[in-house]
Amino acid sequence: MKWLENNPKLVILLVGISIFLFNLDVIPVTIMEARNFITAREMVTDGRWLLTTMNELPRYEKPPLPSWITAIFGFIFGLDNIVGLRLPTMLMAIALGYIAYLFSLNLLKNKKQALINALILLSSFYVIAITIEAPWDIYTHGFMLAAIYFLYDFFGQHSLQWKNALLAAFFIGLSFMSKGPISFYGLLLPFLLAYAFVYKFKGFKIRNNYLHLMALVTVAAMVGLWWFVYVRLADPHAFLAIAEKETANWTSYNVRPFYYYWSFFVQSGLWTIPAFVGLLYPYLKNKVSHKKVYQLTFLWTVFSLVLLSIIPEKKARYLVPVLIPLALNTGFYIDYLIRSFKNRLTAREKIPVYFHFGLIGVLGLVFPFVAYFFLHDNLGDFWIFYVLSSTALFAIGILIFIQLKNKDLFKAFLYTITFIAVIKVFALPIAGALQKNPAYHNISDLRSTIATEDMEIYVYGEIAPELLWEYGSAIPLLNNEEQLTIPDTGQFYVLVSPVDESDFKRIFDTTFSYELKTVYDFNNNASPGAKGHKNRLVSNLYLVKKQ
């Protein structure tokens, strides 16, 4: 274990590779990924690098930096290569863990606890999930954590001020260019409030750093806002319409009560119990090795939670900025357990410890039996992954119980990290053995069919981004908010979602005939009529003819 403690950066790299770089093509493309991939594809194929589009329509809701990065990887590896397109996001997630380590080391001057913090962050459930569910978030928060790392030195040091100010400004700007002010509000502002409460900016004199602060604000604004200014001037009508819609969403879309996020620590996944105990400030404040830093991470987490709770629009993935200080905060509890479990912990204090690690151990022991019970009929092509994952997780379960018996919490912690890595490397592919939707029909072949028949194809209403991505290119819309366009050709194809079908038939009933040719259903596992089946992932293909 000394080798691990002495090589923390290599450990972070190996864990990051295990969690983020394996089986990148197993999980289907999600709605947010599809939108971003389409934008990146149209950058390369149509040259829309600045006035970004999706299906050749303006898409200014999100700044373009992550799309630029993805487009470059798509150009290198292929625009239909899911592994290549997902690779930069995964590398950014690993970078997030590395930045968390550097920042923790700066705060604590303790390599072991800094490593613990980074590994908790890398293995937190929603940090992993966000790389697929909403991949651009990892960029904005990763860049902002880097900015905070340099800001901390800027406030606390009396040398290298220009370097720290300019680097902090540069990364703040990159964060803005990834997803606007999201991370500024959810991560940076809570940090500044927590820092003010704990350290009160002692030693930082504004009059001595006036030029540095001016440069910081100026460079951050230049790097982060130039694209918004350009689009506002180049396409003002679309920019203002999208901005108005996005602003309205904050108060009218996905509105949830103030307390919606109060179970936020559950989003850390296997770290739920340690994360909760780590937030019990009166219990832990006199047990940690760095009380002021613990106060900083605790208040940082709380302020982030409160600020996000104020916004009426709420989604589970919006909690990711809370999970970053939460991981650092949880590290204090894990460090305390490692230092004290053998000698100083009372019987009552050991209850959550045995429950947490014991639960993970039990999950490892029962995995082979539960997986076989539910999937045995469909394991034909996945036996190798089933055997590898079952063997590894069963062994980890035993090893965790052995370390609990030996009261070696650091090894139990590392086996928990290994548990998560094994799930990603060996168990994730078994998802392919889940019950399939018998009506599943991918749209990917339609483009070649249309080309063969020399026919035009259109969309009436909306088409799911996932379907548009699989189709492989833009599809013109027949209708938008302003007008309906009827093609001049005698016959053409139209894709219609179920929700728009009645309206489509009403319009084309009079002077057209239409025939349903096929139904494209992109629901992988849920059959039509079953819970979880999404109509938005269904599109009906009609052949329309003039009468």
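Guide: P28 touches E33, R86 and N524, leaving aside residues up to four places away in sequence, where contact means heavy atoms within 4.5 Å. This is a predicted model, in which local features need pLDDT of at least 70, side-chain atom pairs count only at pLDDT 80 or more, and totals for chains, interfaces and linings use all residues. Residues are numbered from 1 along each chain as its sequence is written, and side-chain values use heavy atoms, with hydrogens and water left out.

P28 itself sits in the loop between α2 (8-20) and α3 (31-46), helices being DSSP runs of H or I with at least four residues, numbered from the N terminus. Because its relative accessibility is 36%, P28 counts as partly exposed, that is, between buried (under 20%) and exposed (over 50%), with a 1.4 Å probe and protein chains only. P28 also lies 9.1 Å from I132, C-alpha to C-alpha, although 104 residues separate the two in sequence.

Turning to the helix pairing, the axes of α17 (residues 347-375) and α19 (residues 409-427) come within 11 Å and cross at roughly 35 degrees, the axes being lines fitted to C-alpha atoms over the stretch in contact, with angles from 0 to 180 degrees between N-to-C directions. On the α17 side the contact is made by V353, F357, I360, L363, G364 and F367, and on the α19 side by L409, A412, F413, T416, F419 and A427. By class, this contact has 10 nonpolar, 2 polar and no charged residues, with Gly counted as polar.

Key. Helix = DSSP H or I, 4+ residues; strand = E, 2+ residues; numbered from the N terminus.
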